[in-house]
Amino acid sequence: MREQLLKSFVDMDEQEAVRIARELVDTDGGAVAVLDTCKEAMEEVGRLFEAGEYFLSELIAAGDMFNQIMEFTLPKLQGDEVTSIGTMVLGTVQGDVHNIGKDIFKVMAEASGINVIDIGIDVPHEKFVEAIKEHKPELVGMCCLITLGVDSMKRTIEVIREAGLRDDIKIIIGGGRVSQAVMEHVGADAWADDAARGVRLSKELLGKE
Ligand code: B12
């Protein structure tokens, strides 16, 4: 069934992809399997876009399809009320409008007890500073999927430092454009290109793992 979901998603057969995802989500471990398969499909859509076989319209359609599937999949990951182990301010950095990975990470982080304050996408540097002052989180999560977003993350961290807040928080970066080298370049504390690793590292940064 995963193969069929992957194929219909990449082929842009929205009706079929949503139908299979609905069926799969109710099986054991189904929600995680659906999200993993859709992520894999998104990577293929990205490759086809890069190769000039797909265009912006397909990227938009793929984003809509994933958002639709997340509507009934993410609630399955939300567990019962868990005791809070810390707070994170989370946003996609200025210049970047990708939301899907951030939203998945958010739900998984919340399910593990992290209280997530989601400040959205294309977030101006100063808005991170304001949110840190207001919510006093232990952690800040930044999401970035485009190359331009790397400089944006670097600048956001500089602005946080200039505001005298850098030593009060740990910063974890995530999304398709992050790596150890990017983490060092922007001055973050951890990086993750998948949500499960992101949650594990966030807990480590909170001293809870
Ligand atoms: C869908 C999509 C879009 C949609 C987004 C819809 C939406 N609502 O989000 C739309 C159409 C809007 C879009 C626009 C653009 N896109 Co686009 N897009 C994609 C695509 C196909 C999928 C992204 C996605 O959702 N992946 C699935 C999620 C689940 O994966 P993920 O984000 O990596 O998230 C996981 C982890 O990274 C982690 N995670 C995510 N966030 C965080 C945060 C933290 C703190 C942590 C710890 C972990 C974590 O958890 C998630 C689950 O495991 C990618 C291809 C790709 N390979 O990524 C291109 C891609 C990112 N886009 C690309 C481009 C070029 C663009 C545009 C510039 C196109 C254009 N010409 O306009 C614009 C940029 C707009 C902007 N200013 O941001 C390029 C970027 C290349 C680059 N190096 O810069 C890519 C890589 C495609 C490609 N191969 O060329 N895009």
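A polar contact is a pair of N or O atoms within 3.5 Å; within protein, one must be able to donate a hydrogen and the other to accept it, and residues adjacent in sequence count only if both atoms are side-chain atoms. In this predicted model, local features need pLDDT of at least 70 and side-chain atom pairs count only at pLDDT 80 or more, while totals for chains, interfaces and linings use all residues. Residues are numbered from 1 along each chain as its sequence is written, and side-chain values use heavy atoms, with hydrogens and water left out.

A polar backbone atom of Gly 46 is 3.1 Å from a ligand nitrogen atom. From the side chains, a polar atom of Asn 99 lies 2.4 Å from a nitrogen atom of the ligand, and an N or O atom of Thr 147 is 2.7 Å from a nitrogen atom of the ligand.

The shell around the ligand holds 38 residues (a residue is near if one of its heavy atoms lies within 4 Å), and among the closest are Gly 95, Val 97 and His 98. α3 (30-50) supplies at least two residues of this shell, as does β3 (139-143), among others; α3 gives the largest share, 6 residues. Helices (H or I, at least four residues) and strands (E, at least two) are DSSP runs, numbered from the N terminus.

By an automatic or database domain assignment, the chain is divided into domain 1 (2-77) and domain 2 (86-205). Both domains give residues to the shell, so the ligand lies between them. Their centres, taken over C-alpha atoms, are 25 Å apart.
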